[in-house]
Amino acid sequence: MGTLVNGTIPAMKCPKNVAMMKTTSNGVFDGESPLDFAFPLVILQICLVVAVTRSLAFLLRPMRQPRVVAEIIGGILLGPSALGRITSYKNSIFPARSLTVLDTLANLGLLLFLFLVGLEIDLTSLRRTGKKAISIAAAGMLLPFGMGIVTSFAFPEASSSGDNSKVLPFIIFMGVALSITAFGVLARILAELKLLTTDLGRISMNAAAINDVAAWVLLALAVSLSGDRNSPLVPLWVLLSGIAFVIACFLIVPRIFKFISRRCPEGEPIGEMYVCVALCAVLLAGFATDAIGIHAIFGAFVMGVLFPKGHFSDAIVEKIEDLVMGLLLPLYFVMSGLKTDITTIQGVKSWGRLALVIVTACFGKIVGTVSVALLCKVRLRESVVLGVLMNTKGLVELIVLNIGKDRKVLSDQTFAIMVLMAIFTTFITTPIVLALYKPSETTQTHSSVSYKNRKHRRKIENDEEGEKMQQLKVLVCLQSSKDIDPMMKIMEATRGSNETKERFCVYVMHLTQLSERPSSIRMVQKVRSNGLPFWNKKRENSSAVTVAFEASSKLSSVSVRSVTAISPLSTIHEDICSSADSKCTAFVILPFHKQWRSLEKEFETVRSEYQGINKRVLENSPCSVGILVDRGLGDNNSPVASSNFSLSVNVLFFGGCDDREALVYGLRMAEHPGVNLTVVVISGPESARFDRLEAQETSLCSLDEQFLAAIKKRANAARFEERTVNSTEEVVEIIRQFYECDILLVGKSSKGPMVSRLPVMKIECPELGPVGNLIVSNEISTSVSVLVVQQYTGKGPSVVGSVSVPVVETP
């Protein structure tokens with residue numbers, strides 16, 4: 001595969017008899033191969049790129065590697081370093097004449113991606129950056145930049161035999177390449193390691209953001225100096241024109257887009273014309289900066305930064321983000337791999353340069369960061385980990401290298417060396433951090449007395465009178481805004497009477513996946529102190545959650561606090577369990593993974609992954625857990641936190657620890673003046689209880705009777721109904737009699753002679769237990785909401801103790 005210049009083979013190396021590729025073929029039946037035509041060939045190339053990169057990302061997932069590593073390695077495997085050495089493959093799948101089309105699509109994806117990144121930047125928050133982060137970012141960039149300049153003289157491009165007009169741009173390119181920190185890649189590594197909301201994570205993200213901005217400025221300077229110049233004044237004109245472009249955009253663009261944004265009221269769909277105008281403006285800005293002589297991506301990035309943040313920008317992101325991230329952007333990484341020929345690294349000198357670059361990059365970043373971090377009173381181990389994290393490379397690194405290669409500043413060998421350096425430094429980040437830093441060692445430093453108190457609060461059921469004086473803490477998890485109203489009604493009922501509401505605290509956690517999208521990092525905005533100062537704070541998906549619960553807390557005098565937990569969905573249960581443990585909560589409430597459609601009277605599965613989250617929380621939770629199956633509880637017109645609040649609650653009691661926990665929770669609700677509680681005690685015939693039950697179950701039955709007897713003495717606000725049944729049909733009939741309420745409370749693992757024989761055709765949701773499945777299934781035609789309760793027993797494995805996930809709490 002030949003040397004690429006702007007994605008094409010130089011004209012002098014192309015055979016004279018090679019004609020331009022036509023767009024489409026007439027089909028194989030006309031004797032034409034689709035691989036000889038541009039459009040079908042680029043389709044095959046895109047599909048191959050996506051298949052290879054996604055497969056590598058799946059294989060590297062156990063090593064917790066970011067997807068950018070898989071995409072760069074995939075490009076190298078598809079390029080001249082591996083498969084490209086096969087002549088038939090190279091000539092048929094990636095022929096030289098087709099690379100112009102592929103490179104154009106890749107750069108279009110990059111341009112739109114930089115526009116999306118700009119949409120997430122909030123320049124007004126620049127002043128909120130802490131001095132510690134600024135100092136660490138400056139030291140972590142200046143030292144490797146200086147070492148990169150020194151290292152550049154070991155390469156032929158900076159020697160006396162090289163092109164003198166390229167020496168200065170080459171030195172700057174090398175300095176920038178060694179001093180960059182990949183902001184987006186770092187965010188995903190921190191999220192994977194559960195460090196994103198720690199003090200270490202906040203400092204590193206702030207420093208990386210500052211580093212990113214400085215890198216863009218230096219890159220613009222390097223680009224303005226590079227290229228084939230006929231006059232030494234040309235770089236000056238390029239630089240001045242770029243500055244003039246930015247000033248003009250700052251003066252004109254915001255006014256135009258604000259005018260358009262006002263024409264698109266919030267809550268209404270954005271007109272297609274306005275979206276088209278915005279995207280055309282981005283493309284024209286890219287054309288302008290390319291005409292100036294910088295690069296088209298700078299114009300797109302500036303337009304994204306100046307774009308008004310809000311519902312208009314959100315609509316644009318939703319329309320183009322999946323296409324850009326899923327198809328177009330991977331092409332850019334693969335094009336980098338196609339330009340990387342590892343075979344050019346030959347001889348001791350070449351491999352020595354690779355080792356020199358890796359050592360210089362790691363040494364400069366780590367030493368520069370550690371030295372200033374120690375001066376800022378950061379502990380030694382955290383300082384070293386911070387230096388390793390700041391050495392993460394990514395997209396900006398590849399942009400620098402690709403621009404340098406396209407402008408002939410970097411040779412093929414130097415380009416390959418720098419790409420391998422970027423892969424190596426990013427690849428080693430996760431294992432080194434895991435080896436040096438374990439969050440559990442620094443966050444789980446509770447004393448034995450504190451641990452005893454946490455263990456004491458792991459379930460609500462407690463016979464000791466002294467426990468009444470303790471504050472009840474509940475962790476509420478939300479999937480979407482639809483969960484707000486039903487959860488608020490449950491919390492209003494749980495606060496109890498006016499005498500007990502001061503002893504009730506609610507922690508609200510919004511479950512959000514950190515994906516590969518740039519917009520997913522906006523969840524980091526929840527970090528209150530020293531948060532991400534550059535990131536757009538107006539695009540806060542969970543703002544409605546926080547506002548709603550805070551308003552409720554002001555009306556009800558209930559302590560409501562939001563917590564931040566950002567993770568992939570596969571590990572988000574660790575955040576929930578660790579938060580419950582660190583906050584000493586007695587109860588965790590999770591939303592059901594299906595949403596109720598009131599008109600159709602049926603459930604709709606929105607995100608099936610949440611069912612797995614609920615199951616893992618039930619298995620590992622350090623306290624009792626409830627799963628709320630909402631079937632119109634949030635549609636109830638009863639106001640929250642007012643004297644008119646009313647809620648009818650029925651508890652189905654068969655027996656067992658889960659049913660006892662559900663009953664105690666219901667009694668807590670009954671303390672609220674607007675809650676009407678009915679307890680339905682369902683028992684089998686005496687012969688079934690004593691002839692069929694074994695000794696252990698008989699003891700359990702006796703424990704339930706003692707529990708009920710004690711509850712009846714002190715539960716004045718509840719109405720008790722006792723029913724004796726002889727068949728499962730009678731159980732179903734009793735449930736039908738008592739589902740005329742707002743919510744049913746049931747235990748997950750109810751005990752009783754009739755429970756195991758309930759007529760449930762198929763247990764689709766084992767996390768709800770037999771009674772919960774019966775009520776939710778079509779066996780009983782009802783639309784009542786259900787809260788399924790599991791009491792903490794201390795049995796089974798627990799993630800708490802093996803991992804601790806720090807969260808950030810609002811005041």
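Of the 811 residues in the chain, 56% are buried, where buried means under 20% relative accessible area with a 1.4 Å probe and protein chains only. This is a predicted model in which local features need pLDDT of at least 70 and side-chain atom pairs count only at pLDDT 80 or more, while totals for chains, interfaces and linings use all residues. Residues are numbered from 1 along each chain as its sequence is written, and side-chain values use heavy atoms, with hydrogens and water left out.

**Overall fold**
- The chain contains 28 helices and 15 strands, taken as DSSP runs (H or I, at least four residues, for helices; E, at least two, for strands) numbered from the N terminus.
- Among contacts (heavy atoms within 4.5 Å) with a separation of 6 or more, 81% join residues 24 or more positions apart.

**Helix 1**
- Helix 1 (residues 38-60) reaches 33 Å from its first C-alpha to its last, close to the 33 Å expected at 1.5 Å a residue, the expected span being 1.5 Å times one less than the number of residues.
- Its buried residues, including Leu41, Gln45, Val49 and Leu56, pack against helix 2 (67-78), helix 3 (87-92), helix 4 (99-119), helix 12 and helix 16 (412-427).

How values were computed
Buried < 20%, exposed > 50% of the residue type's maximum accessible area, 1.4 Å probe, protein only.
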